[in-house]
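Below is a short report on one chain. It covers strand pairing, salt bridges and a charged patch.

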Amino acid sequence: DPWFSGPLPLGGLAGGDLFLDGGPSNLTVDADLTLLRPDSSGTTEAQITGVFHLGDSLGVTDLMATLAPLDWGTFGDMISSQALQGPGALRMEANGFLPSGIMINAEATHVPTGLPPSRVTGRGTVQRTPEAILLNVNTELSPLSFTSLGSLFPDLPLTGEISGPLSLRGPLSDVTVDAELLTSAGPLGFRARFDARNPANRYSVESDFQEFLLSSLVPKLPDPTRLTGRVVASGRVLSLESVAGDASVFLRRGEVGSVQIDTAMVQGTVSGGLLRLDSLLAETNLGWVRAGGGFGISSDSRPGVLTVEVESQSLEGLRPFFMGEIPLIREDLTPFDQDLLAKEGVDLDTIPSLEEVALDGRLQGRAVLEGGLDRFSGEGEISVEDLRYRSDFLKGGRFTFSAFDFPGEDLRLDGVLETDSLLIREFSFVAGEAELNLGRHQ
């Protein structure tokens, strides 16, 4: 059969008018069809006119296709059961032959009930040369709704809408994507390159962002998560075991919840299931973190050795994590503030005192971890000075520990805590020492 070598990847009921004239190399089509899928209440109406050239030189002449209304689940029968679902429309005009380039002008909409709509338009050419298939397409997102897509794909971590221009240029084996988008998190520009035939085979991406409120796009992040900086990454992702690539992240400033980031830099590579951190340095209002070394990220990777160091000259910034947000402290109020609050009916005794919300001290720590995500062991030390928590006070303390077989069945944590001048409520201790042994019982 010259038309179909196997059964059609569609089910349901089709009705309407279909006119075909000619052979595969010069087939005139005039169709007005309605398709009803057996597992959907939605329908798809298709009007298609034009000439298809399906011989040695593929192409179309004066093709006009309109699918409106469109049940997007229809394409799920042909592509994947996880394809887009819901009502919308698809319109396309095309003209030309692949060797010289097919001009395409298309528009797609997705209009789910009770959710934000999406609209994507595209215009450009697709050309086949002896060496490759070339793309030169400009698209416009106006907008694309991650909120609606998230209702269909629960694992999608994004929400909100994005809009703006996006272009695709180059051979399918090395497509360059340039975008200048407006998102609910702010403007976002990026350039990416990938192999469109197998996107996981090779990719690179670079992006600069300014005051980008990432938590508005990824609601599971602490609110607010706002970042300014640059990301550069490249590599390939065939499987977790065969991930290979390198990445650099530089943040000039940012905030993650109540943590204020002054600067942060991460440079690393992944190869053979081993993550190697060339450098990780972050300076925040809580202190600084430094890390370097290697760590396995797959079950069969060779073990790595990762060193992590932290230091904080003041733990006051941790107060929101332990006590929540505290808008007012009694000792910070001026006499004018106190009079104003009293006139508004605020009982000043309900405002916490400095002693009731005190949290401060200095901390230093270092840990060396050996292994990977599947299983690791390590040892380290944490020291504190002048640690104050509400009315409790510790002049100095040190906790040394060793951990084994995390997170395996034989995991064990051994530690020794030494303290100097400890005050807990009304109890005072000149010095103290405690030994800790934790393990998992079968």
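## Strands, salt bridges and a surface patch

Strands β14 and β15 (residues 259-271) pair in the antiparallel sense over 10 bridges. This is a predicted model, where local features need pLDDT of at least 70, side-chain atom pairs count only at pLDDT 80 or more, and totals for chains, interfaces and linings use all residues. Residues are numbered from 1 along each chain as its sequence is written, and side-chain values use heavy atoms, with hydrogens and water left out.

**Pairing around β14**

Strands are DSSP runs of E, at least two residues long, numbered from the N terminus. Two of them pair if DSSP finds at least two bridges between them. Valine 256 has valine 259 in β15 as its bridge partner. The hairpin of β14 and β15 has 2 residues between the strands. Glycine 257 takes a positive phi near 65° in this hairpin.

β14 (residues 244-256) also pairs with β13 (residues 225-236). That pairing is antiparallel too, over 12 bridges. Here arginine 230 stands opposite phenylalanine 250 of β14.

**Salt bridges**

The structure holds 20 salt bridges. Each is a side-chain nitrogen of Lys or Arg within 4 Å of a carboxyl oxygen of Asp or Glu.

| Arginine | Glutamate | Closest N and O atoms |
|---|---|---|
| Arginine 230 | Glutamate 206 | 3.4 Å |
| Arginine 226 | Glutamate 255 | 2.5 Å |
| Arginine 366 | Glutamate 309 | 3.6 Å |

Take the salt bridge of arginine 230 with glutamate 206. This pair links distant parts of the chain, 24 residues apart: arginine 230 is in β13 and glutamate 206 in strand β12 (residues 203-213). How accessible is arginine 230? Arginine 230 is partly exposed, at 31% relative accessible area. Glutamate 206 is partly exposed as well, at 36%. The classes are set by relative accessible area: buried is under 20%, exposed is over 50%, and partly exposed lies in between (1.4 Å probe, protein chains only).

Next, arginine 226 forms a salt bridge with glutamate 255. Arginine 226 lies in β13 and glutamate 255 in β14, 29 residues apart in the chain. Is glutamate 255 buried or exposed? Glutamate 255 is buried, with a relative accessible area of 18%. Arginine 226 is partly exposed at 25%. Both residues belong to a network of salt bridges that also links Glu211 and Arg253.

Arginine 366 lies in strand β19 (residues 359-371) and glutamate 309 in strand β18 (residues 304-312), so the pair ties together parts 57 residues apart in sequence. Arginine 366 is partly exposed, at 44% relative accessible area. Glutamate 309 is partly exposed at 25%.

**A negative patch and a loop glycine**

Which residues form the negative surface patch? Asp17, Asp30, Asp32 and Glu45 do. Patch residues have over 30% relative accessible area and no salt bridge, with like charges joined within 9 Å. Aspartate 17 sits in strand β1 (residues 13-21). Aspartate 17 is exposed, with a relative accessible area of 57%.

Glycine 22 is in the loop between β1 and β2 (27-36). Glycine 22 is partly exposed at 48% relative accessible area. The C-alpha atoms of glycine 22 and serine 271 are separated by 55 Å. Along the chain, these two residues are 249 residues apart.

Conventions
Patches are made of residues with over 30% relative accessible area and no salt bridge: like charges are joined within 9 Å, nonpolar side chains (Val, Leu, Ile, Met, Phe, Trp, Tyr) within 5 Å. Accessible areas come from the Shrake-Rupley method with a 1.4 Å probe; for residues, only the protein chains shown count as cover. Lys and Arg count as positive and Asp and Glu as negative; His and the chain ends are not counted. The place of a charge is taken as NZ of Lys, CZ of Arg, CG of Asp or CD of Glu. Helices (H or I, at least four residues) and strands (E, at least two) are DSSP runs, numbered from the N terminus.
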